[in-house]
Amino acid sequence: MRRFKAGSAGIAVAALALTLAACGSDSGDSDSNTESEGDSSSADLSAELTWWDTSDPTNEAPAYDELIKKFNEEYPDVTIKHETVPFDQTQNKFKTAAESGSGAPDILRAEVAWTPEFASLGYLYALDGTAALENNFLETPLSSNVYEGKTYGVPQVTDTLGLMYNKALFEKAGLDPEAPPTTWDEVREAAKALKSKAKVDGIYLNSAGYFLLPFMYGEGADLVDVDGETITVNSPEAVTGIQTAQDMVKDGTSAKPTANDPYGTMMTLFKEQKVGMIINGPWEVAGISDDPNFGGIDNLGVAPVPAGSAGQGAPVGGHNYVVYSGMDDEKAEAAAAFIAFMSSAESEAFIADELGLLPGNADSYDMVTNERVALWADAMEVAQPRPWIAEGGQFFAPLDEMATEVMIQGKPVQPALDKVAETYKSDVVPDYAVQ
């Protein structure tokens, strides 16, 4: 049985052993983050709360509506106005509303990189001492909610990147589908077999910065050193990692990413069984396994991202429940109770079974029966925190530009990463030194 690290108590728990809201407050006072006493009786709580939910309104939001109904059985006087909002508009929309002190939701589904940013601006209510933190969360997903010693949210759903592969194509190529590649060198060997025997491309590497992080992590590199306040994106180790990815395109191990919609092309080719391996996350499992061209869930293999010379690692992703700071403590207490309910082991197991999403609550996994969740047990073992600083969400536009230059245009790696470091210094973290 594989085991995850649990939440702030650091307790190890069994994981994946089975196969598995009226308008927001108008007050913008960010000093209202007084710690409240957790666990009031449900009869004592009365509030109207708006929740902005950035999940898919058609395929995911109905499952959350079911949980809201169950929540109201226990908290009949807490009204939740569940609003689905477009993910790509929500970050700026929330910041604009919070800054003006009018129109912000009480509760928000925030992408993990948004949480430290919003906390640094004073837009989030600290949840320390509230019921929201009484659940047992996975340590790495929970880490995205901690900013300057306070906790501003809890994981709603987590994810990471893994090596996804086609079992039937592996067998056709004489490869053991139960023993997928564990290093980039082994990926090269598998790709040769897939090309020569199965007559398909070995792997398709997406030309986006996020998807190249495993190559950097595999060499012990990262974008910045937060403790040392140093920009490290152009370190020798980072160059080695990105060079590995570029070389895989140059030597034919990977299909060359297309200039137009490389991600979409990657997914089409994989679903049509024209490429044997990709690096992607659990959000694509349903689409892959349900595609009539792919061959079903049984044909999909998932493994941890392959290792480089210093080990293996993939970025943790996902979304958090956070609370707007512009509310009084009584209303915030009701919001914390809602978050505690929605992120309980039972609630997150329900969402995992319904939607195939990975819970942030460590205790959910023994309850989950959805086999799509079970696929990610080993991959989650090597998920690692990203730099949880306020500027973290700004790292990826320069990194994406670099990835296009290196993976599609074939430009030299060191100058491309040097340009990223220069942009980080001028535009993102000007107080950091360049390594």
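The second largest cavity has a volume of about 30 Å³. This is a predicted model, so keep that in mind throughout. Lining that cavity are Tyr64, Gln156, Tyr321, Met342, Glu348 and Ile351. By class, that is 4 nonpolar, 1 polar and 1 charged.

Hold on to Tyr64 and Ile351, both in that lining.

How do helix 1 and helix 12 cross? Their axes come within 10 Å, at roughly 150°. The cut-off for roughly antiparallel is over 145 degrees. Helix 1 and helix 12 are therefore roughly antiparallel. Their crossing is right-handed.

Next, the largest cavity. It holds about 70 Å³ of space. There are 13 lining residues, and Arg386, Pro387, Gly392, Phe395 and Phe396 sit closest to the centre. The lining has 10 nonpolar residues, 2 polar and 1 charged.

Helix 15 and helix 16, the latter spanning residues 413-428, have axes that come within 9 Å. They cross at roughly 165°. That makes helix 15 roughly antiparallel to helix 16. This crossing is right-handed. From helix 15, the contact takes Pro398, Leu399, Glu401, Met402, Glu405 and Val406. From helix 16, it takes Val413, Ala416, Leu417, Lys419, Val420, Thr423 and Tyr424.

Last, the largest pocket. How much space lies in it? About 1000 Å³. It is lined by 40 residues. Nearest its centre are Phe87, Glu111, Asp159, Trp283 and His319. Which elements give two or more residues to the lining? Among the helices are helix 2 (87-100), helix 7 (209-217) and helix 10 (285-290). Helix 12 and helix 15 are on that list as well. The strands are strand 5 (107-111), strand 8 (153-159) and strand 17 (317-323). Helix 2 gives the largest share, 5 residues. By class, the pocket lining is 16 nonpolar, 13 polar and 11 charged.

One link to take away.

How values were computed. Residues numbered from 1 in each chain as written. Predicted model: local features only at pLDDT ≥ 70, side-chain atom pairs only at ≥ 80, totals over all residues. Heavy atoms only, no water. 1 Å grid on protein atoms, 1.4 Å probe; cavity = no way out; pocket = protein on both sides within 12 Å on 5 of 7 lines; lining within 4 Å. Points joined across faces, edges and corners; volume = space filled by probe spheres on them. Helix = DSSP H or I, 4+ residues; strand = E, 2+ residues; numbered from the N terminus. Nonpolar A, V, L, I, M, F, W, Y, C, P; charged D, E, K, R; others polar. Axes fitted to C-alpha atoms, helices over the stretch in contact; angles between N-to-C directions. Parallel < 35°, antiparallel > 145°, perpendicular 65-115°, else oblique. Left-handed = near helix turned anticlockwise from the far one by under 90°. Contact = heavy atoms within 4.5 Å.
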